[in-house]
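Please read these notes with the model open beside them.

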Amino acid sequence: MWLILTAIILIFIVGFISMKKEQKKANSILEETLSDFKQTIQNKKELQKLNSEILRTQKEIVHSIKEIGEKINT
């Protein structure tokens, strides 16, 4: 009787320890995924800034070309 009870307790303890290890692995994966997601958002923001800068530069170039064209035509 005591042997069976001891075996059940040991199985419970081993299962609990195993569950904790799996939970730590899962948490680690979630943290890594969250970090990657944050980096992706940061990259997207930087890309938007760069796109805005490129658009502004293109507008400046077009404006300069128009000014040059007007100077040539006068």
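1. Is Glu 22 buried, exposed or partly exposed? Glu 22 has a relative accessible area of 47%, so Glu 22 is partly exposed. The classes are buried for under 20% relative accessible area, exposed for over 50%, and partly exposed in between, with a 1.4 Å probe and protein chains only.

2. On the source: this is a predicted model, in which local features need pLDDT of at least 70 and side-chain atom pairs count only at pLDDT 80 or more, while totals for chains, interfaces and linings use all residues. Residues are numbered from 1 along each chain as its sequence is written, and side-chain values use heavy atoms, with hydrogens and water left out.

3. Overall form. The protein chain has 1 helix and 0 strands; helices (H or I, at least four residues) and strands (E, at least two) are DSSP runs, numbered from the N terminus. Helix α1 covers residues 2–73. The C-alpha trace spans about 110 × 10 × 5 Å along its principal axes. The radius of gyration of the protein chain is 32 Å, whereas a compact globule of 74 residues would have one near 11 Å. That radius is taken over C-alpha atoms, and the globule rule is 2.2 Å times the number of residues to the power 0.38.

4. Distances along the helix. Met 19 lies in helix α1, and its C-alpha atom is 49 Å from that of Ser 52, 33 residues away along the chain. Glu 46 is also in helix α1; 39 Å separates its C-alpha atom from that of Lys 20, at a chain separation of 26 residues.

5. Burial. Of the 74 residues in the protein chain, 0% are buried. Accessible areas come from the Shrake-Rupley method with a 1.4 Å probe; for residues, only the protein chains shown count as cover. Glu 46 counts as partly exposed because its relative accessibility is 40%.

6. Nonpolar patch. Met 1, Trp 2, Leu 5, Ile 9, Leu 10, Phe 12, Ile 13, Phe 16, Ile 17 and Met 19 make a nonpolar surface patch of about 1,200 Å². Patches take residues with over 30% relative accessible area and no salt bridge, joining like charges within 9 Å and nonpolar side chains (Val, Leu, Ile, Met, Phe, Trp, Tyr) within 5 Å. Ile 17 is partly exposed at 45% relative accessibility, and Met 19 is partly exposed with a relative accessible area of 47%.

7. Salt bridges. The count is 2, where a salt bridge is a side-chain nitrogen of Lys or Arg within 4 Å of a carboxyl oxygen of Asp or Glu. Lys 25 pairs with Glu 22, with the closest N and O atoms 3.6 Å apart. Why are Lys 25 and Glu 22 separated by about one helical turn? Because they are 3 residues apart in helix α1. Arg 56 pairs with Glu 60, and here the closest N and O atoms are 3.3 Å apart. Arg 56 and Glu 60 are 4 residues apart in helix α1, so about one helical turn separates them. Arg 56 is partly exposed at 45% relative accessibility; Glu 60 is partly exposed, with a relative accessible area of 43%.
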